[in-house]
Amino acid sequence: MKRIFALLSFLIFIISYSFAQDVVNLNFKYQFFDSREGFVKLSKLVIKANGKKIGESPAKLENVENKVSIQIPKGKYEINASVYSMHDGVWEERTEANDYTMDCIYIDSLLLESDYNISLTFNAVTGSKNVDVEEVEIENPSNISIDNPQTALKKVNDYLKTFDNGYYGYLEVIDGYLYDRFASGKYTKTAISNLGKAVEVSENKVAIMCKNELECVYSTYTNSNHKQMSFSQNSSFNPSTLVDLLNNLVVALNNKSSNANLGENKSNNILSSNVKKFTDAEFLAACKSELDELNKFLETFDKGYYGYLEIKDGFLYDRFLAKKYNSMPIDSLGYVVIDEEYNRVLLDCKNNSNCSFSTFNNKYYDGMSFSQSTSYDKYKLATLINNLVNKLRNPNDNKGISPLAIKTKNGNTEVQGNSEVVNSNFSSYDDEVNIALSNLFDTPIAPKTTPSNNSSQGSNYKTPLNELNTFLNTYYNPEIDNNVEVINTSVYFNFLVDGDNYSSSIKMADLKKYVTVNVTASEVKLQCNNSQKLFYSTYADATYDYFSFTAPDNANKEKLAKLLSDFIKAL
């Protein structure tokens with residue numbers, strides 16, 4: 001009987017392993033040599049499979065080595081990898097037809113049954129190119145240790161105890177998520193269902209990649225999402241050992257229920273939930289009337305753009321008319337917020353996290369947003385969403401526990417209750433605040449109106465923002481200053497350090513009210529008034545009273561300062 005069970009276990013493992021290996025990695029790297037001074041262009045590699053774009057590298061100067069790794073299902077494909085370069089503010093394919101010395105293109109028909117490493121080098125003067133294609137040997141499943149999740153996790157954690165002097169702490173699994181609990185107290189996390197393969201991404205660096213190029217790993221170091229959960233150290237080590245341990249763990253986790261809680265120190269887990277788990281049927285039975293009423297409102301809201309909401313697999317989905325969706329875990333639902341300044345209604349994530357996934361751009365955000373260009377009853381919409389959230393928080397309780405918040409123009413949030421009003425900085429909403437509010441309010445909350453004179457704001461900045469980004473990417477310092485973007489109510493100044501992406505962010509209202517644009521001999525600086533530290537840097541994980549654009553030789557600092565001022569004025 002034991003032999004039969006062992007055989008069945010082995011077969012289940014092989015099937016699970018095979019399923020985990022249904023995708024392969026295409027690892028590209030490319031570089032130009034002998035580029036003439038003054039003709040070094042900002043470039044990127046765009047990859048297509050059977051005519052469909054599947055990914056692209058970050059933009060770097062052509063004489064700097066550039067890499068990109070893409071996961072793709074096994075099969076036969078026509079692969080096209082083309083270099084694009086920036087010319088007069090426009091990306092164009094680097095071909096002879098566009099007056100370049102050669103066609104900087106790799107085209108091949110590949111039967112992808114395992115990973116491929118593809119290296120492309122180009123000589124900008126002679127017009128020659130070199131292509132090196134290497135098929136990575138498939139690992140034999142019979143040589144892989146068959147571990148249960150607990151054993152696989154212990155092996156990784158034993159290894160991490162001495163790796164980089166214990167910097168990475170330990171891994172644990174909670175409610176379908178894999179966490180890396182750093183020794184510093186910070187953490188990264190990703191849903192087990194999004195785990196791809198572990199690979200060696202660069203010298204002395206190993207990473208578990210997200211499936212399908214998703215930004216599935218949330219980091220409290222950066223308060224943002226990334227495409228990999230990485231492990232590195234300055235001293236040399238055998239990367240294949242860690243790769244094997246991590247892949248063994250990924251296979252074991254995918255072979256087990258994603259709701260398992262595994263690991264050490266669970267009692268100190270600030271994200272673990274004591275709330276009873278409910279099935280979709282229990283959720284729907286409890287909140288059907290609230291869900292139907294909200295969906296009835298959405299039928300005509302913004303001409304049906306937002307489609308309808310549904311509950312599935314423990315997630316709240318917004319199914320857009322465009323066949324895209326946003327999703328949020330039900331246990332991550334936070335405040336329902338009336339944002340008076342930007343005339344919209346928000347459903348925010350708990351703990352100031354990025355829990356809302358959007359298929360519009362395959363990224364995670366800090367909540368769902370509802371708005372339309374014409375006037376509407378945002379208090380009714382907020383109440384309908386809030387009624388649904390109340391039920392989802394506790395389907396067996398007829399008492400609402402989720403307060404309705406009104407975010408005022410000064411950046412604070414008024415939480416409306418029966419007899420008390422709590423004012424708190426909205427960005428500091430966390431578990432402790434949530435518990436306090438839940439204890440304070442024991443009935444559903446009625447919305448309270450706060451007048452606003454800014455119902456039409458939110459789109460005037462787009463033209464000056466595009467002009468600013470075109471200048472940064474083309475004429476200023478594209479090797480360092482990447483771009484500027486507006487996400488929800490914050491402005492992100494993105495920059496590169498050694499090829500890695502970082503950002504310095506500030507609230508829109510603070511940027512407009514408290515920041516001055518200054519030009520010095522070496523930089524253009526956004527300086528906060530009165531030394532207020534309003535910029536948060538993901539590079540240093542700290543706040544600063546300025547953000548600066550370092551000026552290269554002959555840079556037009558005055559024009560950059562004007563573009564920045566025009567953008568800030570338009571906010």
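**Close-up views of a predicted model**

**View 1. Pairing of strand 11 and strand 12.** Within strand 12, Arg-181 is the bridge partner of Tyr-170. The structure shown is a predicted model. Five bridges join strand 11 and strand 12 (residues 177-181), which pair in the antiparallel sense.

View 2. The strands follow the order 11-12-13-16-17, with antiparallel pairing. Strand 11 (170-174) and strand 17 (224-226) each have a single partner strand and stand at the edges, so one side of each lacks a neighbour in the sheet. On average, neighbouring strands of this sheet are turned by 25° against each other, direction ignored.

**View 3. Helix 2 and its buried face.** The twelve residues of helix 2 (residues 149-160) should span 16 Å at 1.5 Å a residue, and the end C-alpha atoms are 16 Å apart, which agrees. Buried residues of helix 2 include Pro-149, Ala-152, Leu-153 and Val-156. Seen down the helix axis, the buried residues of helix 2 fall within an arc of 160° and therefore line one face of the helix. These buried residues pack against strand 11, strand 18 (228-232) and helix 3 (239-254).

**View 4. The largest nonpolar core.** This core has 34 residues, and those with the most contacts inside it are Leu-171, Leu-178, Phe-231 and Leu-246. Among the elements that give two or more residues to the core are strand 14 (195-202) and strand 15 (205-210). Helix 3 gives the most, with eight residues. Residues touched by Leu-178 include Leu-171, Ile-208, Met-229 and Leu-249.

**View 5. A second, separate core.** Leu-291, Leu-309, Leu-347 and Cys-349 are among the 32 residues of this core.

Methods
Residues numbered from 1 in each chain as written. Predicted model: local features only at pLDDT ≥ 70, side-chain atom pairs only at ≥ 80, totals over all residues. Heavy atoms only, no water. Pairing = 2+ DSSP bridges. Helix = DSSP H or I, 4+ residues; strand = E, 2+ residues; numbered from the N terminus. Axes fitted to C-alpha atoms, helices over the stretch in contact; angles between N-to-C directions. Expected span 1.5 Å × (residues − 1). Buried < 20%, exposed > 50% of the residue type's maximum accessible area, 1.4 Å probe, protein only. Arc of directions from axis to C-beta. Contact = heavy atoms within 4.5 Å. Core = buried A, V, L, I, M, F, W, Y, C linked by side-chain atoms within 4.5 Å. Lists of a residue's contacts leave out its neighbours within four places in sequence.
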